[in-house]
Amino acid sequence: MESPKPTLGSVLEKDNLRAAWLAVKANNGAPGPDDRDISATRAHLKEHWEGIEAKLRSGGYKPGAVRAVTIPKPNGGERVLGVPNVQDRLIQQAVHQKLSERCEPFFSENSYGFRPQRSAHDAVRAARECVKAGKRYVVDIDLKSFFDEVDHDRLMHLLDGHIEDKSLKRLIGAMLRAPVERPDGSRHKRGKGTPQGGPLSPLLANIYLDPLDKELERRGLSFVRYADDIAIFVSSARSAQRVLANVTEWIEKHLKVPVNRGKSGSGPTEESALLGFRVGSDGTISVAPKSIEQLKAKVREHWEARQNLSSLDLRDQWRRFISGWWNYFKLADWRREVEDLSGWIRRHMRKCFWLRWKTAAGRLNALRRLGVHGRALGMAYSGLGAWRIARHWVMNQALPNKRLQAHGFVLPWTLVEAAPNTG
């Protein structure tokens, strides 16, 4: 049974707004250009909601600007987020909840990004099933700056199939056109795009790309899409090349979004990556080489000795990072590349502590405190570099693996026997 088409009235229902506020509050994001955080926005809404709601119902509401915030991309480069005011995030979330109820049943089973009860892990598992079915070549399609390139007219046309209420469509249109505030305070209008950073943007992206899903299904292709990450699985190199050319042409013609030909391509699945993972020709999931390199960069960053942090702060910072990293990548059932880094990571830890002990006297005291005795204490006066010292038997005696682990300097994959992950 189809969900009813959302209206502005349904969006502004008290229960829907209450749920939206709880979601925004739980996210606890940064303030937008008005500099009101969650607490300040709550006070503002208590005092002014009656007037805000009246403007929403009359069509006179104007969303505020979105703050441009630059963050690094996992694979290098930068991504610009557009952070709306908390008040506008509340309204976007309220729209999202009702529009999602309507759209979800229509979306493809092959779409995994930003959908309830679906995750990146589900997408990778689906990719594995495609490979196990004999489709060992993959077409990777990269949409160039997709969230910045969404065509507003086409998006509003697609919304016609889900929304009849013109006042709700006008509100969404106003959100799409909200100006972007740059770091220098200047503002510029937007004629296209749905910048990442607001609650509504991911859903609008899925609505925009749904025709692509339907076209790939019509062609009988096996594929996985996670937001703008698109992987199509085929049986031969020749088919992969043909699909890459045809689908690229279709996207640029029908979606009006440019395909980044430099980052798109085709080849055996074991030479590609999806969401940080690699799927081998036998269906084995491993951590992609780029993800390993990014982990190594983070290790160097976290164990930089010149940080103004206590040992406990270093430990807690490390545990937060590595626990989150491993919770994501433990999906891999081939973990050799990760396990092989264990000694290298601990060496970085030991190097960090050696440098933080600073002087010969400080190193002598630390070594004694850690149970080193006799001639081995002469290491405190060594002129060897810290990286060489870090693998010396004296440092391994002072900071053995068990001691590091006991004090919380953990490598999660070493804490339990790595069992095969069957999904």
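How much space lies in the second largest pocket? In this predicted model, the second largest pocket holds about 400 Å³ of space. Its lining is formed by Leu-12, Lys-14, Leu-17, Arg-18, Trp-21, Arg-42, Leu-45, Lys-46, Trp-49, Glu-53 and Leu-90. Two helices, α2 (14-27) and α3 (38-58), each contribute at least two residues to the lining of this pocket. Helix α3 provides the largest share, with five residues. In terms of residue class, the lining of the second largest pocket comprises six nonpolar and five charged residues, and no polar ones.

Two cavities of 30 Å³ or more are present in the structure. The volume of the largest cavity is about 160 Å³. This cavity is lined by 18 residues, of which Gln-92, Met-175, Arg-190, Thr-194 and Pro-195 are the closest to its centre. Helices α4, α8 and α9 (201-218) are the elements that give two or more residues to the lining of the largest cavity, and the largest share, three residues, is drawn from α8. The lining of the largest cavity divides into 10 nonpolar, six polar and two charged residues.

The second largest cavity has a volume of about 70 Å³. Its lining consists of Ala-127, Val-138, Asp-140, Ala-231, Phe-233, Thr-269, Ser-272, Ala-273, Leu-274, Phe-277 and Val-279. At least two residues of this lining are supplied by each of the strands β3 (137-142), β7 (229-234) and β9 (277-279). Eight nonpolar, two polar and one charged residues make up the lining of the second largest cavity.

Helix packing was considered next. Two packed helices are described by the angle between their axes and the distance between the axes. Helix α4 (residues 86-103) packs against helix α8 (residues 166-177) at an angle of about 130 degrees, and the two axes lie 12 Å apart. The relation of α4 to α8 is therefore oblique, and α4 passes α8 in a left-handed crossing. On the α4 side the contact is made by Ile-91, Gln-92 and Val-95, and on the α8 side by Leu-168, Leu-171, Ile-172 and Met-175. Six nonpolar residues and one polar residue take part in the contact of α4 with α8, with no charged residues.

The crossing of α12 and α14 is right-handed. In the contact, Ser-311, Leu-314 and Trp-318 of α12 meet Ile-345, Met-349, Cys-352, Phe-353 and Arg-356 of α14. By class, the contact of α12 with α14 contains six nonpolar residues, one polar residue and one charged residue.

Notes. Residues are numbered from 1 along each chain as its sequence is written. This is a predicted model: local features need pLDDT of at least 70, side-chain atom pairs count only at pLDDT 80 or more; totals for chains, interfaces and linings use all residues. Side-chain values use heavy atoms; hydrogens and water are left out. Axes are lines fitted to C-alpha atoms, for helices over the stretch in contact, and angles run from 0 to 180 degrees between N-to-C directions. Helices (H or I, at least four residues) and strands (E, at least two) are DSSP runs, numbered from the N terminus. Angles under 35 degrees count as roughly parallel, over 145 as roughly antiparallel, 65 to 115 as roughly perpendicular and the rest as oblique. A crossing is left-handed if the near helix is turned anticlockwise from the far one by less than a right angle, and right-handed if clockwise. Contact means heavy atoms within 4.5 Å. Ala, Val, Leu, Ile, Met, Phe, Trp, Tyr, Cys and Pro count as nonpolar, Asp, Glu, Lys and Arg as charged, and the others, Gly among them, as polar. On a 1 Å grid over the protein atoms alone, a cavity is a set of points where a 1.4 Å probe fits but cannot get out, and a pocket is an open set with protein on both sides within 12 Å along at least five of seven lines; lining residues have an atom within 4 Å of a point. Grid points are joined across faces, edges and corners, and a volume is the space filled by probe spheres set on the points.
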